[in-house]
Amino acid sequence: MTNSVVVEDLVVVRGGAEVLHGLSFALEPSRITGLLGPSGCGKTTLMRALVGVQAGITGRVEVLGLPAGTAALRSRVGYVTQAPAVYADLSIAENLRYFARVVGARNADEVLEQVGLHDRRNQLVQTLSGGQRARVSLATALLGSPELLVLDEPTVGLDPVLRRDLWGLFRTLADSGTTVLVSSHVMDEASRCDRLLLMREGRLVADDSPAGLLKHTGTKDVESAFLAVAEAS
Amino acid sequence: MRTLATARRVLTQIRRDPRTLALLLVVPVVLLTLLRYVYDHKPLVFDHVGGPLLALFPFTTMFLVTSVAMLRERTSGTLERLLTTPMAKADLLFGYALAFGALAVVQTGIASAVALGPLGLDVTAGATLVVVLAVLDALLGMALGLFLSAFARSEFQAVQFLPAVVLPQLLLCGLFADRSTMATPLRWLSDVFPLTYAVDGMQELTRHASVTGHFVRDLLIVAGASLLALGLGAATLQRRSA
């Protein structure tokens, strides 16, 4: 299967300091890849590099066969930032309508169903809870059915039922051919991924399936596996 | 298409904020009325100051509202989010220009209707040209606000740009003192400040019944300065950032 994302020797320099030290990996379509690591290890910087908004990059970052950030990719890549990037003074429906116009998408109603907010469509975003805002932000990224979905901690602060539902949604999207990259600092979400990239201090310290990772480290959960890998590196 | 969607979105946001809307539309009228009765027995002074004020209100208010709105866009992450979509920088800038331009038409329409009507401000050239110049002044304020919002880290700082950017221009624009009586370096400074031409244009309209070459020059300079500021603003919208 052709890789949808290819990263080779990615180095990112920010404010004079090197924050990513030569990462190499590839992502496949129809897979959910979990990007796990502690806060501050460079997950967001890596994701920003993939969607083409990170400056100070050297190395190769290719998305869907094109250099990351190419204009033609902008309607094919969906990005959810860590903090919800939506207009608080607009309603859910108004946010969706605006982003749909910008992206040129027609599936605004569908994505509202997918994130479970269709019955609140006319509510102002500023009256929503943090978790609901995060879902509005996610909905805007699903507009236009992007082939690559880059999600920066989309399930932080959500209740377990919602988290399960969203992971179900990511699975559905992956099954239909989408490449899904999800970051998290919560290790227990790892078991829902097909593949894990473990990051620490700007380096990839492991690249394996959840089962493979546990097997190779001889541990019972991802948290212990991360500790084993971190101590060995 | 994206430009229109952006303009519509910006206007919806302002409509959601009736207090800001009221400030934009009512404050100029109140201040003009105040001024009219401050100079109750000196109608000539009111005629001298009233026209320039019709240039000053749209410039100042649009500068303030745009710099804060754009700063919010930068700090809330929506700007970065938009720059990962097919949205062109021009779509965003012209969307803002369209929204605030429309708002300026309403603002100036109301202010000049009141000033030229009940308050008896004497503008020889008539209301239409006043509104045309005032809308250009609004766009100048908007473009400067867009540009300077890149240098503010918080709304608190953005508001501080108002005295820093607007007051020097106001002091040197020729409204308080004739520009020819200023110290030479100050007159040079006044020559490069765009607000000077906005105010000068309004003064031309109060003096002459028909469009003069002088007025056209002022109009072109204000339009040119707006485009320059808009270009500088576009340069601050970088898709890639650290």
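The structure is a predicted model.

In chain A, seven helices are found together with 10 strands. The radius of gyration of the chain is 17 Å, close to the 17 Å that the globule rule gives for 233 residues, so chain A is as compact as a globular protein of that length. The C-alpha trace extends over about 50 × 40 × 35 Å along its principal axes. Buried positions account for 47% of the 233 residues of chain A. With regard to contacts between residues at least 6 apart in the sequence of chain A, 68% link residues that are at least 24 apart.

An open sheet in chain A is built from four strands, arranged in the order β2-β1-β4-β5 with antiparallel pairing. The partner of β2(A) is strand β1 of chain A, which comprises residues 5-14, and the two strands pair in the antiparallel sense over eight bridges. Within this pairing, E18(A) of β2(A) is placed opposite V13(A).

Helix α1 of chain A, formed by residues 43-51, lies across β1, β2 and β4 (57-63) of the chain. Relative to β1(A), helix α1 of chain A runs at about 120°.

How values were computed: Residues are numbered from 1 along each chain as its sequence is written. Chains are lettered from A and ligands numbered from 1 in the order in which they are written. This is a predicted model: local features need pLDDT of at least 70, side-chain atom pairs count only at pLDDT 80 or more; totals for chains, interfaces and linings use all residues. The radius of gyration is taken over C-alpha atoms; the globule rule is 2.2 Å times the number of residues to the power 0.38. A residue is buried if 20 or more other C-beta atoms lie within 10 Å of its own, exposed if 12 or fewer, and partly exposed in between; C-beta atoms are placed from the backbone. Two residues are in contact if their C-beta atoms, placed from the backbone, lie within 7 Å. Two strands pair if DSSP finds at least two bridges between them. Axes are lines fitted to C-alpha atoms, for helices over the stretch in contact, and angles run from 0 to 180 degrees between N-to-C directions.
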